[in-house]
Amino acid sequence: MANYGSVSPVDFPIPYKIIEEANNHLIEKPQEEHEALLATLPLQPSGTPNFHPKQPFILYKGAWIAKSLVRGALAMEQHFKSRPTDLLLVTSPKSGTTWLKAMIFATLTRTSYPLDQHPLHTHNPHQCVTNLERVFSTGRRQIIEAIPSPRVFNSHLPYSVLPQTIIDSDCRIVYVWRDPKDVLISMWYFSGKIMGGADKIATFEEVYNSFCQGVNNYGPIWSHVLGYWEESKQRPEKILFLKYENILQEPVKHAKKLAHFIGCPYSEAEENQGVVEQIVELCSFGKLKNMDVNNNEIPSMSAHNISPSYFFRKGEAGDWKNHLTQEMAERLNTIIEEKFKGSGLKI
Ligand code: PPS
């Protein structure tokens, strides 16, 4: 395999983990120059739960974000240089990030590897596509620069927090959102796994109430969705706006749409050979959930009490019906419908 320790020309993305391992000498001490600003930002209201007690949410440009990730966003604003060939997947957490990381990565690399030897068999989707604000918060900005084009990243940052370079450049954004009620349930279970029981920190009712107030990871969720929705209406060539439930319902149609948007549409020959269906299958919940790579421990994740298996739970639409009372569902729906009013968006 080529040496990815320096920028070498390739025409497909390399799993981020391989680049990081080849460039680990570039990791720096995280920047501390924004500490004064961080100290002035409002802390989450008392009584609102947070599953990372050492990482309170702070209010930055209208969004509740864990402190270290605001640090990452500030470092991105200062140092990140977007390239026109960059591709950014943006989601509110628990909205389909893992799935779309796999889909985007597999789509872009489909002619680079036989599908049965594809890197997704040996790398978790999060090792293929990394999160920008997280790597910037951990002193890895030089690694980001060392990645050969085309680069693929993900971010959970709201549109209002994206660095100007991303907004101004020709790079493209794929945005995925999901019924917030299912986001809440998915978040509850994920946090529970990390904490060895979510109710060690807060009751489900407390988490629900906080979510309804907009105080959750990168929340409020309605502002997150609306920010990208409004911009995608203005610049459809820049932002592809997708919904998790729609992809679940018609995966092949969405796989084609995605490939077209990211500049590598399926040829007629590929379609006739069933390549679209093969990519959809490779990235399907059932396939990824059962791969060894998504069940074995990964040291960098274990350090944060995360197992790759935590990213695969049910992979369905509507699990909220098993957890929310009708009253709870109606209250959250009403809040969101009110916020979405006039935008053309519906849950
Ligand atoms: S994270 O932490 O933000 O990266 O989490 P994210 O991947 O956005 O969300 C996790 C939920 O996505 C489901 N999932 C999938 N659904 C469909 N297809 C595939 N391939 C897939 N992979 C992960 C996962 O099960 C979580 O949803 P829930 O409702 O908890 O099952």
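Modeller: I begin with the ligand and then move on to the sheet, the hairpin and the loops.

The model is a predicted one, in which local features need pLDDT of at least 70 and side-chain atom pairs count only at pLDDT 80 or more, while totals for chains, interfaces and linings use all residues. Residues are numbered from 1 along each chain as its sequence is written, and side-chain values use heavy atoms, with hydrogens and water left out.

The ligand has 21 residues around it, and Lys-94, Thr-97, Thr-98, Ser-186 and Lys-314 come nearest; here a residue is near a molecule or strand if one of its heavy atoms lies within 4 Å of it. By class, this shell consists of eight nonpolar, nine polar and four charged residues, where Ala, Val, Leu, Ile, Met, Phe, Trp, Tyr, Cys and Pro count as nonpolar, Asp, Glu, Lys and Arg as charged, and the others, Gly among them, as polar.

Thr-98 places a polar side-chain atom 2.5 Å from an oxygen atom of the ligand, and Tyr-244 has a polar side-chain atom 2.7 Å from a nitrogen atom of the ligand. Gly-315, by contrast, takes part through its backbone, with an N or O atom 2.8 Å from an oxygen atom of the ligand. Of the 640 Å² of accessible area that the ligand has on its own, the protein covers 96%; such areas come from the Shrake-Rupley method with a 1.4 Å probe, and for residues only the protein chains shown count as cover. The elements that give two or more residues to the shell are α4 (97–108) and α16 (285–290), and α4 gives the most, with three residues. Helices (H or I, at least four residues) and strands (E, at least two) are DSSP runs, numbered from the N terminus.

Leaving aside residues up to four places away in sequence, Thr-91 touches Thr-97, Asn-154, Ser-155, His-156, Tyr-175, Val-176 and His-224, contact meaning heavy atoms within 4.5 Å.

β3 is part of an open sheet of five strands, with the order β4-β5-β3-β6-β7 and parallel pairing. Its edge strands are β4 (130–131) and β7 (239–243), each of which pairs on one side only. Two strands pair if DSSP finds at least two bridges between them; β6 (residues 172–177) and β7 do so in the parallel sense over five bridges, with Ile-239 of β7 as the bridge partner of Ile-173.

An antiparallel pairing is found between β1 (residues 57–60) and β2 (residues 63–66), over four bridges, where Ile-58 has Ile-65 of β2 as its bridge partner. The hairpin has two residues between the strands, and Lys-61 takes a positive phi near 50° there. Because its relative accessible area is 44%, Lys-61 is partly exposed.

The loop between α10 (204–212) and α11 (221–234) holds Pro-220, and the peptide bond from Gly-219 to Pro-220 is cis, with omega near 0°. Tyr-218 lies in the loop between α10 and α11 and has a positive phi of about 70° although it is not a glycine; at 2% relative accessibility, Tyr-218 counts as buried. A cis peptide bond, with omega near 0°, also leads from Ser-149 to Pro-150, and Pro-150 is found in the loop between α7 (141–146) and β5 (152–155).

Pro-30, finally, sits in the loop between α1 (16–22) and α2 (35–40) and is partly exposed, at 36% relative accessibility. Beyond residues up to four places away in sequence, Pro-30 touches Ser-137, Thr-138 and Gly-139.

How values were computed: A polar contact is a pair of N or O atoms within 3.5 Å; within protein, one must be able to donate a hydrogen and the other to accept it, and residues adjacent in sequence count only if both atoms are side-chain atoms. Buried means under 20% relative accessible area, exposed over 50%, partly exposed in between (1.4 Å probe, protein chains only).
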